[in-house]
Amino acid sequence: MATRIYFNEVVDNEDLEQAFNSYLQDVNPDTEHDFIKMIGVSRLYAPVQILGAEFTSEADGSLSAEYEDGIEVQYQVIKNGNGELFFPAFTSQVEYDKWAKTSTAQGLVTSLLSFDQFSSLTIPNDQITGIVINPFGQNIVLNKTNLQYMVDALIQMNQNATISLDETTTDQTAFAALLARDLPDIRTVWAVDLVRGDERTLVYVLDADAEDANA
């Protein structure tokens, strides 16, 4: 069964951009922590060329296509003065457009990728040196050593993370939002109602990739 994939979607990365700027203005453990944490829960624009697909226009302005055999996804790269290749990543449509004006590639669309997806594309690839975020903006260059450091740091953060509400609540959506914020890789969680005597425990299932998480 073919999977429908979406392109030219819009995402708000204002918090991530603020974390970038704070880190660049004052490099210290706190700003580094915030920078890594924010990039770990964000999605970045990746320019791609899709071959062999027919696009469908969606109501929100994005495009979709059925991903099946015969479709080829070509991720675009940029080259520095030393001839090294990087995957470009962008925090916003504005930053992407700055680069797109200089690109000679035709028929490009954008795909939203998580930091984990960018890392998985980059680290094992012998031809790619790293990724560069907003090359016409903050121009944050991350080589494979940087990427692996950040991957390890995010694993440690997630292991130390706790999810709790300030007080008991019956608002399931509030709890779902916390899960989506702190555990963005969760795709589905089933709701299990555990009752023993007067005690009741609920385990919720949600799609954390949705902007409006609902338990």
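Of the 215 residues in the protein chain, 34% are buried, where buried means under 20% relative accessible area, exposed over 50% and partly exposed in between, with a 1.4 Å probe and protein chains only. This is a predicted model, in which local features need pLDDT of at least 70 and side-chain atom pairs count only at pLDDT 80 or more, while totals for chains, interfaces and linings use all residues. Residues are numbered from 1 along each chain as its sequence is written, and side-chain values use heavy atoms, with hydrogens and water left out.

The protein chain has six helices and 12 strands; these are DSSP runs numbered from the N terminus, helices being H or I with at least four residues and strands E with at least two. Taking contact as heavy atoms within 4.5 Å, 62% of the contacts between residues at least 6 apart in sequence join residues at least 24 apart.

Let me turn to helix H1. Its 12 residues, 14-25, span 17 Å from first C-alpha to last, close to the 16 Å expected at 1.5 Å a residue; the expected span is 1.5 Å times one less than the number of residues. Which residues of H1 are buried? They are Leu 16, Ala 19, Phe 20 and Tyr 23. These lie on the same side of H1, because they cover an arc of only 105 degrees around the axis, taken from the directions from the helix axis to the C-beta atoms. Their cover includes helix H2 (29-40) and strands E2 (43-51), E9 (130-133) and E10 (140-143).

Next, the interior. A nonpolar core is a set of buried Ala, Val, Leu, Ile, Met, Phe, Trp, Tyr and Cys residues joined through side-chain atoms within 4.5 Å. The largest has 24 residues, of which Ile 39, Phe 118 and Ile 133 touch the most other members. Helix H5 (144-160) is among the elements that each supply at least two residues, and its six residues are the largest share. Beyond its neighbours within four places in sequence, Ile 39 contacts Leu 16, Phe 20, Leu 44, Phe 115, Ile 133 and Met 150.

Finally, the sheet. Three strands form an open, antiparallel sheet in the order E5-E2-E8, where pairing requires at least two DSSP bridges between two strands. Strands E5 (72-75) and E8 (108-114) are the edges, each pairing on one side only. E2 and E5 are joined over four bridges, and Ile 50 has Val 73 in E5 as its bridge partner.
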